[in-house]
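Reader: Could you walk me through this model, one question at a time? I would like the cut-offs along the way, please.

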Amino acid sequence: MRTLSHAWTQSAVSTPDLFASDAQQIAPPHPDFLARAAIWRDRSAGLISLAEATRRSAAIGAPPTSPQRLVGTPPREPNAPRKPKASCPRSLRPSPNESRQYAPAMATTAARDDRLTPNAKAFLQVLRARCGKGRETTITTGTAGNIMARSTRTIRRYLTDLVRWGYIETKVRTNRNGMHIGLTIIVTELAAPFFESAKGLARWLAETPGALLRPFAGVIPGFQGRTRMSPKNQTPIYSLIGVTDTTRFAGRERLVTEEGRNFSPFST
């Protein structure tokens with residue numbers, strides 16, 4: 001290997017510096033060498049295994065491998081923009097499964113709240129249906145995601161909005177070991193109908209004007225509590241022998257017979 005050398009000559013006035021050439025030859029190490037050194041340094045420290053260190057070291061400096069493409073598809077240009085993934089339109093999505101679950105009475109406050117997304121309002125209706133006659137239900141984000149056909153991250157966003165605006169309250173369920181096993185969701189009075197709470201019912205009764213006392217039109221003067229008889233409010237009397245006469249005097253004719261007896265249940 002050729003290298004610089006300094007020969008001593010008689011004409012040299014001063015002694016040359018022998019380390020000057022070595023200083024010129026020293027250059028910073030290659031980035032690949034530093035990367036491999038860092039990998040094997042982690043291997044020596046026991047942070048990664050030998051197989052992982054070998055794989056990482058071999059990947060440094062290797063040409064990038066392109067993903068496998070289907071036969072017949074043209075190759076993608078390096079600088080070509082990626083096409084967005086086409087989502088399935090709503091008209092082609094499958095219909096929901098049949099269910100007998102229904103939501104009881106609830107306020108329309110959430111349906112008119114512009115701060116909530118349409119899917120968050122629908123999720124609140126599902127939670128109200130799961131509560132049944134009460135206001136509390138237990139559920140997990142995975143189960144809610146399967147019901148709403150959404151990811152668990154989207155379900156957490158729905159729950160955050162509903163809790164933020166006061167429509168529900170959540171509590172974390174834990175087992176005896178302290179592990180989280182689900183959520184306990186409580187529907188607040190803001191989503192429940194007004195007549196379920198004593199305050200709402202009392203407020204409605206206070207706002208409703210009292211009904212005016214009107215005398216009964218059929219009361220006979222002088223006899224309080226007795227009504228005037230009329231053929232319109234009498235139940236027709238049908239005899240067992242097939243008499244279906246319901247005229248005004250039919251009852252008197254059946255009760256009084258021709259022989260002069262006072263009363264008889266049936267006429268002959």
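Reader: Leaving aside neighbours within four places in sequence, which residues is threonine 137 in contact with?
Author: Happy to start there, and please keep in mind that this is a predicted model, where local features need pLDDT of at least 70, side-chain atom pairs count only at pLDDT 80 or more, and totals for chains, interfaces and linings use all residues. Residues are numbered from 1 along each chain as its sequence is written, and side-chain values use heavy atoms, with hydrogens and water left out. Contact means heavy atoms within 4.5 Å. Once neighbours within four places in sequence are set aside, the partners of threonine 137 are Leu127, Arg130, Cys131, Leu183, Thr184 and Ile185.

Reader: Where is threonine 137 found, and is threonine 137 buried or exposed?
Author: Threonine 137 sits in strand 1 (residues 136-139); helices (H or I, at least four residues) and strands (E, at least two) are DSSP runs, numbered from the N terminus. Buried means under 20% relative accessible area, exposed over 50%, and partly exposed in between, with a 1.4 Å probe and protein chains only. Threonine 137 has 8% relative accessibility, so the residue counts as buried.

Reader: How many helices and strands are there in the protein, and what pattern does the protein follow along the sequence?
Author: The protein has eight helices and three strands. Taken in sequence order, they give α-α-α-α-β-α-α-β-β-α-α.

Reader: At what angle do helix 2 and helix 3 pack?
Author: Axes are lines fitted to C-alpha atoms, for helices over the stretch in contact, and angles run from 0 to 180 degrees between N-to-C directions. For helix 2 (residues 31-45) and helix 3 (residues 50-59), the axes are 10 Å apart and the angle is about 175°. That makes the two helices, helix 2 and helix 3, roughly antiparallel, given that angles under 35 degrees count as roughly parallel, over 145 as roughly antiparallel, 65 to 115 as roughly perpendicular and the rest as oblique. Helix 2 contributes Arg36, Ile39, Trp40 and Arg43 to the contact, and helix 3 contributes Leu50, Ala53, Thr54, Arg56 and Ser57, at that angle of about 175°.

Reader: Which residues make the contact between helix 5 and helix 6?
Author: Helix 5 (residues 141-148) and helix 6 (residues 152-164) pack at about 100°, with axes 9 Å apart. The two, helix 5 and helix 6, are therefore roughly perpendicular. The residues in contact are Thr141, Gly142, Ala144, Gly145 and Met148 of helix 5, with Thr152, Ile155 and Arg156 of helix 6.

Reader: What is the phi of alanine 149?
Author: Alanine 149 lies in the loop between helix 5 and helix 6. Alanine 149 is exposed, at a relative accessible area of 60%. Although alanine 149 is not a glycine, its phi is positive, at about 55°.

Reader: How many aromatic pairs are there, and which residues form the tilted pair?
Author: Rings of Phe, Tyr and Trp (its six-membered ring) pair if their centres lie within 6.5 Å; planes under 30 degrees apart count as stacked, over 60 as edge-to-face and the rest as tilted. The count is two aromatic pairs. The tilted one, at 6.3 Å centre to centre and 45° between the planes, is phenylalanine 123 with tyrosine 158.

Reader: What kind of pair do phenylalanine 194 and phenylalanine 195 form?
Author: Phenylalanine 194 is partly exposed at 43% relative accessible area, and phenylalanine 195 is partly exposed at 46%. Their ring centres are 5.5 Å apart and their planes lie at 80°, so the pair is edge-to-face.
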